Amino acid sequence: MIVNKKKNIMKLNKILGATALLLALFSCENDPYRWEGSAYARIVGPENWTLQTDSMEFTFARYATDVTEYVVNAEIKLIGIAADYDRNVVLKVADEQTTAESAMYSFETNVVVPAGEVVAPCDITLKRSAKLQDSTYRLKIVVTDEGEITSGVGEWNQLTIIFSDQLAKPTNWDEYLSQFFGEYRDVKYRFIISTPG
(Lines give C-alpha, C1' and ligand atoms only; values in the text may rest on other atoms or scores of the structure.)
Protein backbone atom coordinates (compact mmCIF):
# COMPACT_ATOMS: atom_id res chain seq x y z
CA MET A 1 0.00 0.00 0.00
CA ILE A 2 2.79 2.45 0.95
CA VAL A 3 4.73 1.41 -2.18
CA ASN A 4 1.73 2.25 -4.41
CA LYS A 5 1.38 5.69 -2.79
CA LYS A 6 5.06 6.44 -3.43
CA LYS A 7 4.70 5.35 -7.08
CA ASN A 8 1.64 7.56 -7.51
CA ILE A 9 3.41 10.54 -5.95
CA MET A 10 6.41 10.02 -8.22
CA LYS A 11 4.13 9.84 -11.30
CA LEU A 12 2.32 13.00 -10.20
CA ASN A 13 5.65 14.84 -9.70
CA LYS A 14 6.78 13.83 -13.19
CA ILE A 15 3.51 15.02 -14.75
CA LEU A 16 3.63 18.32 -12.84
CA GLY A 17 7.29 18.84 -13.80
CA ALA A 18 6.59 18.19 -17.49
CA THR A 19 3.58 20.53 -17.39
CA ALA A 20 5.62 23.30 -15.74
CA LEU A 21 8.34 22.90 -18.37
CA LEU A 22 5.83 23.14 -21.23
CA LEU A 23 4.22 26.24 -19.70
CA ALA A 24 7.62 27.88 -19.31
CA LEU A 25 8.52 27.17 -22.94
CA PHE A 26 5.24 28.49 -24.35
CA SER A 27 5.13 31.54 -22.08
CA CYS A 28 8.35 32.89 -23.66
CA GLU A 29 6.49 33.51 -26.92
CA ASN A 30 4.09 35.96 -25.28
CA ASP A 31 6.52 37.53 -22.83
CA PRO A 32 5.26 41.11 -22.25
CA TYR A 33 8.82 42.25 -21.43
CA ARG A 34 10.37 41.04 -24.67
CA TRP A 35 11.14 43.88 -27.10
CA GLU A 36 9.15 43.44 -30.31
CA GLY A 37 9.32 46.97 -31.75
CA SER A 38 11.89 48.71 -33.93
CA ALA A 39 15.49 48.84 -32.81
CA TYR A 40 16.95 52.14 -31.62
CA ALA A 41 20.57 53.18 -31.26
CA ARG A 42 22.52 54.94 -28.55
CA ILE A 43 26.18 55.94 -28.33
CA VAL A 44 28.15 55.24 -25.16
CA GLY A 45 31.69 56.16 -24.19
CA PRO A 46 34.15 53.84 -22.45
CA GLU A 47 32.91 53.13 -18.93
CA ASN A 48 36.19 54.07 -17.24
CA TRP A 49 35.84 57.60 -18.71
CA THR A 50 32.09 58.24 -18.74
CA LEU A 51 30.93 56.44 -15.57
CA GLN A 52 27.40 55.85 -16.90
CA THR A 53 26.97 59.41 -18.15
CA ASP A 54 26.81 60.89 -21.65
CA SER A 55 30.06 62.85 -21.33
CA MET A 56 33.74 62.52 -20.51
CA GLU A 57 36.78 64.71 -19.93
CA PHE A 58 40.21 64.02 -21.36
CA THR A 59 43.59 65.76 -21.35
CA PHE A 60 46.61 64.98 -23.49
CA ALA A 61 48.74 66.56 -20.77
CA ARG A 62 48.93 63.25 -18.92
CA TYR A 63 50.66 61.62 -21.87
CA ALA A 64 54.17 62.04 -23.24
CA THR A 65 54.61 64.74 -25.87
CA ASP A 66 55.11 62.16 -28.63
CA VAL A 67 51.50 60.97 -28.16
CA THR A 68 49.69 62.93 -30.89
CA GLU A 69 46.40 61.02 -31.01
CA TYR A 70 44.13 59.26 -28.54
CA VAL A 71 41.39 56.82 -29.53
CA VAL A 72 38.21 56.91 -27.45
CA ASN A 73 36.67 53.44 -27.69
CA ALA A 74 33.00 54.36 -27.85
CA GLU A 75 30.27 51.92 -28.89
CA ILE A 76 26.93 51.95 -30.62
CA LYS A 77 24.49 49.88 -28.56
CA LEU A 78 21.04 48.89 -29.75
CA ILE A 79 17.82 48.93 -27.82
CA GLY A 80 16.03 45.99 -29.39
CA ILE A 81 16.88 42.62 -30.84
CA ALA A 82 19.60 41.55 -33.26
CA ALA A 83 18.73 41.18 -36.94
CA ASP A 84 19.98 38.59 -39.41
CA TYR A 85 21.43 41.33 -41.66
CA ASP A 86 23.79 44.31 -41.30
CA ARG A 87 22.23 47.65 -40.32
CA ASN A 88 23.74 51.12 -40.23
CA VAL A 89 23.67 53.98 -37.73
CA VAL A 90 24.48 57.50 -38.91
CA LEU A 91 26.33 59.89 -36.58
CA LYS A 92 27.00 63.60 -36.86
CA VAL A 93 28.58 66.44 -34.92
CA ALA A 94 26.16 68.72 -33.10
CA ASP A 95 27.70 71.93 -34.49
CA GLU A 96 25.90 74.32 -32.14
CA GLN A 97 27.30 72.51 -29.08
CA THR A 98 30.77 71.75 -30.44
CA THR A 99 33.74 74.11 -30.11
CA ALA A 100 36.39 71.71 -31.41
CA GLU A 101 37.62 72.29 -34.94
CA SER A 102 37.22 69.42 -37.42
CA ALA A 103 41.02 68.98 -37.56
CA MET A 104 41.01 68.08 -33.84
CA TYR A 105 39.05 64.83 -34.20
CA SER A 106 37.86 62.11 -36.57
CA PHE A 107 35.27 59.32 -36.46
CA GLU A 108 33.19 57.22 -38.83
CA THR A 109 29.84 58.86 -39.48
CA ASN A 110 28.34 55.60 -40.76
CA VAL A 111 28.67 52.74 -38.26
CA VAL A 112 27.59 49.25 -39.32
CA VAL A 113 26.03 46.97 -36.72
CA PRO A 114 26.78 43.45 -38.03
CA ALA A 115 24.12 40.77 -38.45
CA GLY A 116 23.39 38.98 -35.19
CA GLU A 117 24.91 41.77 -33.07
CA VAL A 118 23.49 44.57 -30.91
CA VAL A 119 26.82 46.35 -30.31
CA ALA A 120 29.32 47.88 -32.75
CA PRO A 121 32.60 49.71 -32.10
CA CYS A 122 32.65 53.43 -32.80
CA ASP A 123 36.19 54.75 -32.33
CA ILE A 124 36.64 58.51 -31.99
CA THR A 125 40.17 59.82 -32.53
CA LEU A 126 41.19 62.98 -30.69
CA LYS A 127 44.16 64.82 -32.21
CA ARG A 128 46.69 66.80 -30.23
CA SER A 129 47.41 70.37 -31.28
CA ALA A 130 49.05 73.45 -29.77
CA LYS A 131 45.63 75.10 -29.37
CA LEU A 132 44.69 72.51 -26.76
CA GLN A 133 47.34 73.90 -24.39
CA ASP A 134 45.49 77.22 -24.17
CA SER A 135 41.84 76.19 -24.21
CA THR A 136 39.45 73.36 -23.54
CA TYR A 137 37.35 72.16 -26.47
CA ARG A 138 34.04 70.33 -26.69
CA LEU A 139 32.97 67.68 -29.20
CA LYS A 140 29.37 66.49 -29.18
CA ILE A 141 28.43 63.51 -31.38
CA VAL A 142 24.79 62.49 -31.82
CA VAL A 143 22.90 59.57 -33.36
CA THR A 144 20.75 60.85 -36.24
CA ASP A 145 17.53 59.51 -37.71
CA GLU A 146 19.13 59.07 -41.14
CA GLY A 147 20.30 55.46 -40.78
CA GLU A 148 18.41 52.15 -40.74
CA ILE A 149 18.54 52.34 -36.95
CA THR A 150 17.47 55.69 -35.55
CA SER A 151 18.08 57.44 -32.24
CA GLY A 152 16.33 56.12 -29.19
CA VAL A 153 16.29 57.53 -25.66
CA GLY A 154 17.09 61.26 -25.87
CA GLU A 155 19.61 61.32 -23.03
CA TRP A 156 21.64 58.46 -24.51
CA ASN A 157 21.76 59.30 -28.20
CA GLN A 158 24.76 61.60 -27.72
CA LEU A 159 28.31 61.62 -26.40
CA THR A 160 30.13 64.77 -25.35
CA ILE A 161 33.93 64.78 -25.08
CA ILE A 162 35.61 67.73 -23.36
CA PHE A 163 39.32 67.71 -24.09
CA SER A 164 42.47 69.77 -23.79
CA ASP A 165 46.23 69.54 -23.32
CA GLN A 166 46.20 71.34 -19.99
CA LEU A 167 47.54 69.98 -16.76
CA ALA A 168 45.72 69.84 -13.48
CA LYS A 169 47.54 69.26 -10.23
CA PRO A 170 47.20 65.59 -9.19
CA THR A 171 45.13 65.12 -6.07
CA ASN A 172 47.97 63.19 -4.38
CA TRP A 173 50.69 65.79 -5.07
CA ASP A 174 50.71 67.46 -1.64
CA GLU A 175 50.46 64.29 0.42
CA TYR A 176 52.79 62.06 -1.60
CA LEU A 177 54.58 63.50 -4.64
CA SER A 178 55.72 66.73 -3.00
CA GLN A 179 58.27 64.82 -0.90
CA PHE A 180 60.03 63.86 -4.15
CA PHE A 181 59.34 66.85 -6.40
CA GLY A 182 58.63 69.76 -4.05
CA GLU A 183 56.00 72.40 -4.72
CA TYR A 184 53.70 71.74 -7.69
CA ARG A 185 54.53 73.37 -11.05
CA ASP A 186 53.13 72.46 -14.48
CA VAL A 187 56.70 72.25 -15.83
CA LYS A 188 57.62 69.61 -13.23
CA TYR A 189 54.53 67.58 -13.93
CA ARG A 190 55.16 67.65 -17.70
CA PHE A 191 58.72 66.51 -17.08
CA ILE A 192 57.52 63.61 -14.94
CA ILE A 193 55.03 62.53 -17.62
CA SER A 194 57.37 62.95 -20.59
CA THR A 195 60.67 61.69 -19.15
CA PRO A 196 60.30 58.98 -16.50
CA GLY A 197 56.67 58.32 -17.47
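A nonpolar core is a set of buried Ala, Val, Leu, Ile, Met, Phe, Trp, Tyr and Cys residues joined through side-chain atoms within 4.5 Å. The views below show a predicted model.

**Figure 1. Overview of the protein chain, with 4 helices and 10 strands.** Along the sequence, the elements follow the pattern α-β-α-β-β-β-β-β-β-β-β-β-α-α. The chain has 197 residues, of which 33% count as buried. Among contacts between residues at least 6 apart in sequence, 71% join residues at least 24 apart.

**Figure 2. The largest nonpolar core, made of 33 residues.** Ile76, Leu91, Ile124, Leu126, Leu139 and Phe163 have the most contacts inside this core. Strand β3 (residues 69-79) supplies the largest share of the core, 5 residues. In soluble globular proteins, nonpolar side chains tend to be buried together.

**Figure 3. Surroundings of Leu91, one of the residues with the most contacts inside the largest core.** Leaving aside residues up to four places away in sequence, Leu91 touches Ile43, Ile76, Phe107, Glu108, Thr109 and Val111, among others. Its partners also include Cys122, Ile141, Val142, Val143 and Thr144.

**Figure 4. Aromatic pairs, of which the structure holds 8.** Phe58 and Tyr70 form a stacked pair, with 4.4 Å from centre to centre and 25° between the planes. The two residues are 12 apart in the chain and link distant parts of it, with Phe58 in strand β2 (residues 55-59) and Tyr70 in strand β3. Phe58 counts as buried, because its relative accessibility is 3% and the cut-off for burial is under 20%. The rings of Trp173 and Phe181 make a tilted pair, since their centres are 5.9 Å apart and their planes lie at 35°. Trp173 is buried, with a relative accessible area of 0%, whereas Phe181 counts as partly exposed at 33%. Phe58, Phe60, Tyr63 and Tyr70 are linked by ring pairs into a cluster.

**Figure 5. A charge over a ring, formed by Arg87 and Tyr85.** The charged end of Arg87 sits 6.0 Å from the centre of the Tyr85 ring.

**Figure 6. Pro121 in strand β7 (residues 119-127).** Pro121 is exposed, since its relative accessible area is 64% and the cut-off for exposure is over 50%. Apart from residues up to four places away in sequence, Pro121 touches Ala74 and Val111. Pro121 and Ile76 are 45 residues apart along the chain, and their C-alpha atoms are separated by 6.3 Å. Ile76 is also among the residues with the most contacts inside the largest nonpolar core.

**Figure 7. Ser164 in strand β10 (residues 158-164).** Ser164 has a relative accessibility of 6% and therefore counts as buried. The side chain of Ser164 reaches the backbone nitrogen of Gln166 at 3.3 Å. When residues up to four places away in sequence are not counted, Ser164 touches Phe58, Thr59, Phe60, Leu132, Ser135 and Thr136. Two of these partners, Phe58 and Phe60, belong to the aromatic cluster with Tyr63 and Tyr70.

How values were computed: Residues numbered from 1 in each chain as written. Predicted model: local features only at pLDDT ≥ 70, side-chain atom pairs only at ≥ 80, totals over all residues. Heavy atoms only, no water. Buried < 20%, exposed > 50% of the residue type's maximum accessible area, 1.4 Å probe, protein only. Contact = heavy atoms within 4.5 Å. Phe/Tyr/Trp six-rings, centres within 6.5 Å; stacked < 30°, edge-to-face > 60°. Lys NZ or Arg CZ within 6 Å of the ring centre and 35° of its normal. Polar contact = N/O pair within 3.5 Å; in protein donor to acceptor, adjacent residues only side chain to side chain.
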